[in-house]
Amino acid sequence: MSHDSRTAPRICPLCEATCGLTLTIEGTTVTGARGDRDDIFSRGFICPKGASFGGLDADPDRLRVPLVRGDDGELREAAWGEAFDRIAARMPDLVKAHGPQAVGVVLGNPNVHTMAGSLYPPLLLGALRSRNVFTASTLDQMPKHVSSGLLFGDAHAIPVPDLDRTDHLLLIGANPLESNGSLCTAPDFPGRLKALRRRGGTLTVIDPRRTRTARLADRHVAIRPGADALLLAALAHTLIEEKLADPGPLAEHLEGLDELAAALADFTPEAVAAACDVDADTITAIARELAAAPTAAVYGRIGSCTVEHGTLASWLVDVLNILTGNLDRPGGALFPLSATARAPRAAEPGTRNAAPGKGFALGRWSSRVSGHPEAKGELPIAALAEEIDTPGEDRIRALVVIAANPVLSAPDGDRLDAALADGLDFMVSVDPYLNETSRRADVVLPPPPPSQSAHFDFAFNSFAVHNQVRYTRAAVPLEDGRMDESEIHARLILAVSGMHGAPPSAVDDLAVDTALTRAGAPKELAAGLTGESGPERRLDLMLRLGPYGLTLEQLLAHPHGIDLGPLKPRLTEVLRTRSGRVELLPDPIAADLPRLRRALGDRPAPLVLVGRRHLRSNNSWMHNVGSLTGGSNVCTLQIHPDDAARLGLADGDTARIESSGGGIEAPAEITDTVRSGVVSLPHGWGHSRPGTRMSVAAAHPGANVNQLLDGTLLDPLSGTAVLNAIPVSVTPAH
């Protein structure tokens with residue numbers, strides 16, 4: 001380390017694990033990153049993404065100043081003032097002429113990895129008053145939000161497995177050794193699984209691929225893709241039929257247990273075995289093992305969400321935790337309590353039950369073209385293209401895209417790309433890169449690199465396997481010519497709402513005032529808030545109003561975090577159903593079960609496609625980091641040796657893959673880690689479109705797996721695109 005080197009703590013923003021880092025900085029350049037051994041949550045763990053923090057931070061392809069489309073149709077560099085002037089001159093007039101539904105908003109998953117991306121989009125949506133909201137959730141986690149909303153009355157009340165205390169963990173559709181966890185914030189997930197095994201616990205993994213996670217398991221079940229809900233239903237049926245179900249103290253908080261038993265009566269292990277390609281004895285054994293374990297937790301993720309019955313599978317995960325008495329108890333599945341959460345609600349007077357809440361509703365409005373019902377205030381992102389390119393009243397004419405690249409991440413990117421190019425009057429993109437989507441924008445607003453931004457995990461602390469709180473300020477000063485990400489968002493809100501020219505602090509002041517009103521707190525509290533910026537003042541307020549009564553000053557005094565203790569039972573605090581009880585068989589779920597029952601008679605296509613995750617990647621937004629390319633992080637078609645021999649493919653041959661949305665080509669990787677009848681391609685590739693400025697990604701473009709999908713196949717309850725168990729044909733390319 002040179003004489004002018006220093007170190008600074010930083011929470012890693014590159015996946016959901018939120019590991020603590022120690023950055024080495026020379027001048028204003030991050031020259032190294034290692035795990036922070038003093039971090040109270042991650043204890044020094046680091047993965048390849050975190051170790052590459054400096055490379056991503058200093059990526060020369062990151063935009064440094066805004067881009068504005070000129071009269072010649074080309075994007076050119078512009079001053080910040082000109083960029084916001086352009087937005088203010090176009091967006092309010094469009095809304096005035098065509099109404100608020102003429103504007104669409106797209107939010108990508110990097111938003112939840114930044115303070116600004118968590119704090120400001122809700123204010124933007126309030127300013128625009130548009131119902132045309134699309135996010136990455138309908139490519140990933142929306143089924144879990146919907147099932148939690150229906151069960152517990154709150155779409156954000158998602159229980160997580162108590163990894164450090166459970167005796168039996170069942171994973172379905174999850175590969176945390178590659179993903180680092182999802183809707184389950186757990187630094188060093190591999191170490192936690194190994195610790196489970198060391199203390200004599202059991203790990204069961206259900207996955208059509210023998211993933212790195214599956215190789216750790218006591219039992220790996222290579223299920224047929226897309227059959228997750230059927231297998232889970234059979235497990236629940238077995239628990240009920242064999243009188244192994246024992247909710248314990250949960251029983252007084254449940255509604256619909258008898259109705260649940262009747263609804264699952266047809267899903268016997270014998271009935272689902274053929275469709276799952278899992279023998280009935282194995283299904284029965286798994287159910288008995290779950291019931292016999294002192295504590296157990298069932299955890300399902302993207303593989304069980306992005307299928308035809310994703311919401312039913314997500315619902316059944318919690319049904320199993322409830323039937324075994326493992327919901328809301330240590331060692332089972334518990335509801336985290338973050339430092340910025342709403343203060344806990346009191347129980348119903350005179351009882352231990354939760355007070356009745358507002359409940360959760362689906363389909364409060366529908367999309368214009370296909371009539372897709374909203375879920376959690378969002379429409380399916382797979383419907384975005386048709387909302388732009390289909391004529392009619394309330395057609396989307398303007399788009400605000402924040403940290404999203406749906407041309408690659410959503411189905412049928414070709415159609416969406418054409419719609420963005422030809423169907424919009426105006427588009428704004430907040431993105432550090434000129435990527436496959438932002439290249440179509442009229443204005444591109446680039447946030448600074450992560451070293452120049454403060455960090456707090458509003459979303460992921462709500463899914464953490466241990467209650468804790470950490471905050472890090474920017475590790476290096478904001479570079480000349482850059483604009484802080486929070487200021488970008490605030491000025492964007494002012495520009496679209498007709499308040500262009502007002503100080504950005506006005507947005508934060510309004511947010512503070514609104515939060516105080518909703519909390520019933522005295523307005524005088526605002527004067528005592530500390531912090532160097534609007535976001536810090538807002539964080540200070542949320543901490544003060546939160547369940548632990550913390551302050552920003554306390555966080556700053558503990559740069560490695562504050563341990564808030566293990567997860568505790570708190571079911572009655574989170575319930576928001578109208579009954580004040582867990583509603584085991586909500587009407588939308590009951591109405592969708594016949595569709596699952598019909599699947600008992602389905603027979604699979606000869607070859608189906610599933611996705612896969614890479615440890616050294618995160619969807620489409622980390623493919624421009626040179627140190628993360630190569631190795632296992634490549635876009636290949638994994639195929640079983642028997643299928644390869646039948647199709648005439650040798651290892652390394654170029655394969656042609658075709659499905660309902662089109663065809664792509666990728667190198668064949670012959671491996672027995674994928675079961676026969678299944679092929680696998682990773683998500684987020686396809687960096688071959690012209691007009692981008694991502695040199696590393698363009699040199700290793702890969703194939704866009706989502707171009708195989710036409711976007712019409714969705715999970716009806718959540719609007720989530722079906723990305724797994726897709727029938728495909730594979731042939732040698734000519």
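Colleague: Is Asp 218 buried, exposed or partly exposed?
Modeller: This is a predicted model, to begin with. Asp 218 counts as partly exposed, at 42% relative accessibility.
Colleague: Which side chain meets Asp 218 in a salt bridge?
Modeller: Arg 197, at 3.2 Å, N to O. The pair links distant parts of the chain, 21 residues apart. Arg 197 is in helix α8, and Asp 218 is in the loop between α9 and β11. Arg 197 is partly exposed too, at 34%.
Colleague: How many salt bridges in the whole structure?
Modeller: The search finds 39.
Colleague: What about Arg 440, which residue does it pair with?
Modeller: Asp 417, with the closest N and O atoms 2.9 Å apart. Arg 440 sits in the loop between β16 and β17, while Asp 417 is in helix α18.
Colleague: Is Asp 417 buried or exposed?
Modeller: Buried, because its relative accessible area is 6% and the cut-off for buried is under 20%. Arg 440 is partly exposed at 28%.
Colleague: Now Glu 479. What is its partner?
Modeller: Arg 482, at 3.2 Å between the closest N and O atoms. Arg 482 is buried at 9%. Elsewhere, salt bridges with shared partners join Asp 414, Asp 417, Arg 439, Arg 440 and Arg 689 into one network.
Colleague: Change of topic. Which residues gather in the positive patch on the surface?
Modeller: Lys 194, Arg 198, Arg 212 and Arg 215. Helices α8 and α9 each supply at least two of the patch residues. Arg 215, in α9, is exposed at 52%.

Note on methods. Residues numbered from 1 in each chain as written. Predicted model: local features only at pLDDT ≥ 70, side-chain atom pairs only at ≥ 80, totals over all residues. Heavy atoms only, no water. Patch = residues over 30% accessible without salt bridge, like charges linked within 9 Å, V, L, I, M, F, W, Y side chains within 5 Å. Areas by Shrake-Rupley, 256 points an atom, 1.4 Å probe, with all protein chains shown as cover. Salt bridge = Lys/Arg side-chain N within 4 Å of Asp/Glu carboxyl O. Lys, Arg positive; Asp, Glu negative; His and termini not counted. Charge placed at Lys NZ, Arg CZ, Asp CG, Glu CD. Helix = DSSP H or I, 4+ residues; strand = E, 2+ residues; numbered from the N terminus. Buried < 20%, exposed > 50% of the residue type's maximum accessible area, 1.4 Å probe, protein only.
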